Amino acid sequence: MSGVFCTQRNLFGGAIVSNFPLRFEDVSNIRQVPDHQEVFVDPTRDESLIFELLDLKTDVADHGSATWFLQDLANEQDAEGTMVLEQSGVFEAGGLRLRNNPAIINTAVGQMAISKGRQGREAQNLVKVYLANLRLKDAATDVLVTAYEPMLINPLSESAATVGAGLAVPAAQSGRLPMAEVFKSAVSSFKVNDWSLFGASL
(Lines give C-alpha, C1' and ligand atoms only; values in the text may rest on other atoms or scores of the structure.)
Protein backbone atom coordinates (compact mmCIF):
# COMPACT_ATOMS: atom_id res chain seq x y z
CA MET A 1 0.00 0.00 0.00
CA SER A 2 3.05 2.31 -0.30
CA GLY A 3 1.36 3.84 -3.34
CA VAL A 4 -1.28 5.41 -1.08
CA PHE A 5 0.93 7.43 1.26
CA CYS A 6 2.49 10.78 0.36
CA THR A 7 6.08 11.45 1.36
CA GLN A 8 8.00 14.72 1.31
CA ARG A 9 10.24 14.76 -1.77
CA ASN A 10 13.10 17.13 -2.58
CA LEU A 11 12.91 19.15 -5.79
CA PHE A 12 15.70 21.20 -7.36
CA GLY A 13 18.28 19.95 -4.87
CA GLY A 14 15.99 20.50 -1.87
CA ALA A 15 15.34 24.19 -2.62
CA ILE A 16 11.68 23.15 -2.98
CA VAL A 17 9.77 20.29 -1.33
CA SER A 18 6.44 18.67 -2.16
CA ASN A 19 4.54 15.62 -0.88
CA PHE A 20 3.56 12.78 -3.22
CA PRO A 21 3.80 8.96 -3.25
CA LEU A 22 7.13 7.14 -3.56
CA ARG A 23 5.73 5.13 -6.49
CA PHE A 24 6.65 8.14 -8.63
CA GLU A 25 10.28 7.66 -9.68
CA ASP A 26 12.70 10.48 -10.48
CA VAL A 27 13.20 10.42 -14.26
CA SER A 28 16.58 12.19 -13.95
CA ASN A 29 17.96 8.86 -12.64
CA ILE A 30 17.19 7.38 -16.08
CA ARG A 31 17.64 10.23 -18.55
CA GLN A 32 18.57 13.89 -18.69
CA VAL A 33 15.85 16.34 -17.66
CA PRO A 34 16.00 20.11 -18.40
CA ASP A 35 17.31 22.18 -15.46
CA HIS A 36 14.01 24.03 -15.05
CA GLN A 37 12.03 20.78 -14.66
CA GLU A 38 11.64 17.92 -12.19
CA VAL A 39 9.87 14.90 -13.72
CA PHE A 40 8.49 11.87 -11.86
CA VAL A 41 6.74 8.83 -13.32
CA ASP A 42 4.97 5.70 -12.17
CA PRO A 43 5.89 3.35 -15.05
CA THR A 44 3.42 0.69 -13.88
CA ARG A 45 0.51 3.10 -14.53
CA ASP A 46 2.07 5.46 -17.09
CA GLU A 47 1.22 8.38 -14.78
CA SER A 48 3.54 11.35 -14.45
CA LEU A 49 4.02 14.43 -12.30
CA ILE A 50 6.05 17.40 -13.58
CA PHE A 51 7.26 20.51 -11.76
CA GLU A 52 8.40 23.34 -14.01
CA LEU A 53 9.87 26.80 -13.33
CA LEU A 54 9.18 29.36 -16.06
CA ASP A 55 9.74 33.09 -16.45
CA LEU A 56 6.60 34.93 -15.33
CA LYS A 57 4.18 35.46 -18.23
CA THR A 58 3.26 39.05 -17.44
CA ASP A 59 0.86 39.20 -20.41
CA VAL A 60 -1.27 36.33 -19.02
CA ALA A 61 -3.99 37.35 -16.55
CA ASP A 62 -4.14 35.61 -13.15
CA HIS A 63 -7.72 34.52 -13.72
CA GLY A 64 -7.63 31.61 -16.15
CA SER A 65 -3.82 31.40 -16.24
CA ALA A 66 -3.88 27.62 -15.64
CA THR A 67 -6.25 27.20 -18.60
CA TRP A 68 -3.91 29.30 -20.74
CA PHE A 69 -0.95 27.08 -19.81
CA LEU A 70 -3.08 23.95 -20.41
CA GLN A 71 -3.91 25.11 -23.95
CA ASP A 72 -0.25 26.04 -24.50
CA LEU A 73 0.75 22.53 -23.37
CA ALA A 74 -1.79 20.98 -25.76
CA ASN A 75 -0.36 22.99 -28.68
CA GLU A 76 3.20 22.06 -27.69
CA GLN A 77 2.33 18.35 -27.62
CA ASP A 78 0.31 18.49 -30.85
CA ALA A 79 -2.72 17.25 -28.91
CA GLU A 80 -6.14 16.65 -30.42
CA GLY A 81 -9.63 17.00 -28.96
CA THR A 82 -8.49 19.17 -26.04
CA MET A 83 -11.28 19.98 -23.58
CA VAL A 84 -11.13 22.00 -20.38
CA LEU A 85 -13.19 20.06 -17.83
CA GLU A 86 -12.71 22.28 -14.76
CA GLN A 87 -11.04 25.52 -13.79
CA SER A 88 -10.70 27.15 -10.41
CA GLY A 89 -10.90 30.75 -9.35
CA VAL A 90 -7.76 32.59 -8.25
CA PHE A 91 -6.73 32.10 -4.63
CA GLU A 92 -3.75 32.99 -2.47
CA ALA A 93 -1.30 30.45 -1.08
CA GLY A 94 -0.82 31.85 2.40
CA GLY A 95 2.07 29.51 3.21
CA LEU A 96 4.01 30.39 0.06
CA ARG A 97 5.13 33.99 0.31
CA LEU A 98 8.12 36.16 -0.57
CA ARG A 99 8.55 39.64 0.93
CA ASN A 100 5.21 39.02 2.64
CA ASN A 101 3.42 38.70 -0.72
CA PRO A 102 1.62 35.35 -1.08
CA ALA A 103 1.76 33.31 -4.27
CA ILE A 104 -1.38 33.20 -6.39
CA ILE A 105 -2.72 29.81 -7.48
CA ASN A 106 -5.03 28.89 -10.34
CA THR A 107 -5.84 25.33 -11.44
CA ALA A 108 -7.41 23.62 -14.44
CA VAL A 109 -8.24 20.06 -15.45
CA GLY A 110 -8.40 19.05 -19.09
CA GLN A 111 -8.57 16.06 -21.36
CA MET A 112 -6.55 15.58 -24.54
CA ALA A 113 -5.28 12.97 -26.97
CA ILE A 114 -1.47 12.93 -27.03
CA SER A 115 1.28 10.63 -28.29
CA LYS A 116 4.28 9.36 -26.34
CA GLY A 117 7.69 10.72 -27.30
CA ARG A 118 8.18 10.65 -31.06
CA GLN A 119 5.18 8.46 -31.83
CA GLY A 120 2.67 9.81 -34.36
CA ARG A 121 -1.00 10.72 -34.03
CA GLU A 122 -2.09 7.17 -34.84
CA ALA A 123 -0.71 6.16 -31.40
CA GLN A 124 -2.42 8.87 -29.32
CA ASN A 125 -3.64 8.06 -25.81
CA LEU A 126 -6.57 9.82 -24.15
CA VAL A 127 -5.13 11.55 -21.08
CA LYS A 128 -6.56 13.61 -18.23
CA VAL A 129 -4.26 16.51 -17.36
CA TYR A 130 -4.28 18.36 -14.04
CA LEU A 131 -2.41 21.68 -14.06
CA ALA A 132 -1.72 24.20 -11.30
CA ASN A 133 -0.09 27.56 -11.94
CA LEU A 134 1.59 29.01 -8.85
CA ARG A 135 2.48 32.60 -9.65
CA LEU A 136 5.50 33.81 -7.64
CA LYS A 137 5.38 37.39 -8.87
CA ASP A 138 8.12 38.77 -6.61
CA ALA A 139 10.38 36.00 -7.91
CA ALA A 140 9.23 36.69 -11.52
CA THR A 141 8.36 33.00 -11.86
CA ASP A 142 5.41 30.92 -13.02
CA VAL A 143 5.55 27.47 -11.41
CA LEU A 144 3.62 24.74 -13.21
CA VAL A 145 2.65 21.50 -11.48
CA THR A 146 1.25 19.12 -14.10
CA ALA A 147 -0.10 15.61 -13.56
CA TYR A 148 -0.92 13.20 -16.38
CA GLU A 149 -3.41 10.36 -15.91
CA PRO A 150 -4.08 8.04 -18.88
CA MET A 151 -7.77 7.28 -19.41
CA LEU A 152 -7.55 5.17 -22.57
CA ILE A 153 -4.36 3.54 -23.89
CA ASN A 154 -4.05 3.14 -27.65
CA PRO A 155 -2.91 -0.39 -28.69
CA LEU A 156 -0.31 1.27 -30.97
CA SER A 157 1.15 3.33 -28.11
CA GLU A 158 4.43 2.23 -26.54
CA SER A 159 2.55 2.50 -23.21
CA ALA A 160 0.43 -0.52 -24.19
CA ALA A 161 3.44 -2.81 -23.70
CA THR A 162 3.76 -1.89 -20.01
CA VAL A 163 0.25 -1.00 -18.84
CA GLY A 164 -1.91 -2.72 -21.47
CA ALA A 165 -4.23 -1.24 -24.08
CA GLY A 166 -7.79 -0.09 -23.43
CA LEU A 167 -9.39 1.67 -20.48
CA ALA A 168 -6.97 2.37 -17.63
CA VAL A 169 -7.64 0.56 -14.35
CA PRO A 170 -8.67 3.13 -11.69
CA ALA A 171 -5.82 3.78 -9.23
CA ALA A 172 -7.94 3.07 -6.15
CA GLN A 173 -8.81 -0.34 -7.59
CA SER A 174 -5.13 -1.26 -7.59
CA GLY A 175 -4.47 0.10 -4.08
CA ARG A 176 -2.98 3.41 -5.18
CA LEU A 177 -3.86 7.03 -4.46
CA PRO A 178 -5.91 8.45 -7.37
CA MET A 179 -4.07 11.00 -9.52
CA ALA A 180 -6.48 13.79 -8.53
CA GLU A 181 -5.40 13.28 -4.89
CA VAL A 182 -1.70 13.00 -5.81
CA PHE A 183 -2.01 16.32 -7.65
CA LYS A 184 -3.85 17.96 -4.75
CA SER A 185 -1.18 16.82 -2.28
CA ALA A 186 1.72 17.92 -4.50
CA VAL A 187 0.25 21.41 -4.94
CA SER A 188 -0.98 22.02 -1.38
CA SER A 189 2.34 20.90 0.17
CA PHE A 190 4.55 22.80 -2.33
CA LYS A 191 7.05 24.79 -0.26
CA VAL A 192 10.12 26.88 -1.10
CA ASN A 193 13.03 26.34 1.31
CA ASP A 194 15.58 28.40 -0.58
CA TRP A 195 14.36 31.43 -2.52
CA SER A 196 17.85 31.99 -3.98
CA LEU A 197 16.86 29.32 -6.52
CA PHE A 198 14.95 32.11 -8.29
CA GLY A 199 17.86 34.57 -8.38
CA ALA A 200 20.67 35.78 -6.17
CA SER A 201 18.91 39.04 -5.24
CA LEU A 202 15.96 37.31 -3.53
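## Buried side chains, ring pairs and pockets

Arg45 is placed in the loop that runs between strands β4 and β5, in what is a predicted model. With a relative accessibility of 13%, Arg45 counts as buried, because buried means under 20% relative accessible area. The side chain of Arg45 makes a polar contact of 3.4 Å with the side chain of Ser174, and another polar contact, of 3.2 Å, joins the side chains of Arg45 and Glu47. When neighbours within four places in sequence are left aside, the residues in contact with Arg45 are Arg23, Pro150, Val163, Val169, Pro170, Ala171, Ser174 and Arg176.

Glu47, the partner of Arg45 in the polar contact of 3.2 Å, lies in strand β5 and counts as buried at 1% relative accessibility. Not counting residues up to four places away in sequence, Glu47 touches Arg23, Phe24, Phe40, Val41, Asp42, Tyr148, Glu149, Pro150 and Met179.

Is Glu149 buried or exposed? At 14% relative accessibility, Glu149 counts as buried. The side chain of Glu149 makes a polar contact of 2.7 Å with the side chain of Tyr130, and the C-alpha atoms of these two residues, which stand 19 residues apart along the chain, are separated by 8.3 Å. Beyond its neighbours within four places in sequence, Glu149 is in contact with Glu47, Val127, Lys128, Tyr130 and Met179.

| Side chains | Polar contact |
|---|---|
| Glu47 and Arg45 | 3.2 Å |
| Arg45 and Ser174 | 3.4 Å |
| Glu149 and Tyr130 | 2.7 Å |

### Aromatic rings

How many aromatic pairs does a search of the whole structure find? The search finds 8 aromatic pairs. In one of them, the rings of Phe20 and Phe40 have their centres 4.9 Å apart and their planes at 65°, so the pair is edge-to-face, since planes over 60 degrees apart are counted in that way. This pair links distant parts of the chain, with Phe20 in strand β2 (residues 16-21) and Phe40 in strand β4 (residues 37-42), 20 residues apart. Phe20 is buried, with a relative accessible area of 0%, and Phe40 also counts as buried, at 2% relative accessibility.

The rings of Trp195 and Phe198 have their centres 5.6 Å apart and their planes at 45°, so that pair is tilted. Both Trp195 and Phe198 are buried.

The largest pocket holds about 1100 Å³ of space. Its lining is made up of 37 residues, and those lying nearest the centre of the pocket are Arg31, Ser48, Ile50, Lys116 and Tyr148. Strands β4, β5 (47-55), β9 (125-136) and β10 (141-153), together with helix α1 (65-76), each supply at least two residues of this lining. By class, the lining of the largest pocket has 18 nonpolar, 9 polar and 10 charged residues.

The second largest pocket has a volume of about 200 Å³. Among the residues that line the second largest pocket are Glu86, Phe91, Lys128, Tyr130 and Phe183, and of these, Lys128 and Tyr130 are in contact with Glu149. Strands β8 (101-114) and β9 and helix α3 (179-188) each supply at least two residues of the lining of the second largest pocket. Which element gives the largest share of this lining? The largest share, 5 residues, comes from α3. The lining of the second largest pocket divides into 7 nonpolar, 2 polar and 3 charged residues.

### Positive phi in two loops

Phe12 has a phi near 50°, a positive value in a residue other than glycine. Phe12 is placed in the loop between β1 (6-11) and β2 and is buried, with a relative accessible area of 14%. Ala140, which is not a glycine either, has a positive phi of about 50° and lies in the loop between β9 and β10. Whereas Phe12 is buried, Ala140 is partly exposed, with a relative accessible area of 44%.

Conventions:
Residues numbered from 1 in each chain as written. Predicted model: local features only at pLDDT ≥ 70, side-chain atom pairs only at ≥ 80, totals over all residues. Heavy atoms only, no water. Phe/Tyr/Trp six-rings, centres within 6.5 Å; stacked < 30°, edge-to-face > 60°. Helix = DSSP H or I, 4+ residues; strand = E, 2+ residues; numbered from the N terminus. Buried < 20%, exposed > 50% of the residue type's maximum accessible area, 1.4 Å probe, protein only. 1 Å grid on protein atoms, 1.4 Å probe; cavity = no way out; pocket = protein on both sides within 12 Å on 5 of 7 lines; lining within 4 Å. Points joined across faces, edges and corners; volume = space filled by probe spheres on them. Nonpolar A, V, L, I, M, F, W, Y, C, P; charged D, E, K, R; others polar. Polar contact = N/O pair within 3.5 Å; in protein donor to acceptor, adjacent residues only side chain to side chain. Contact = heavy atoms within 4.5 Å.
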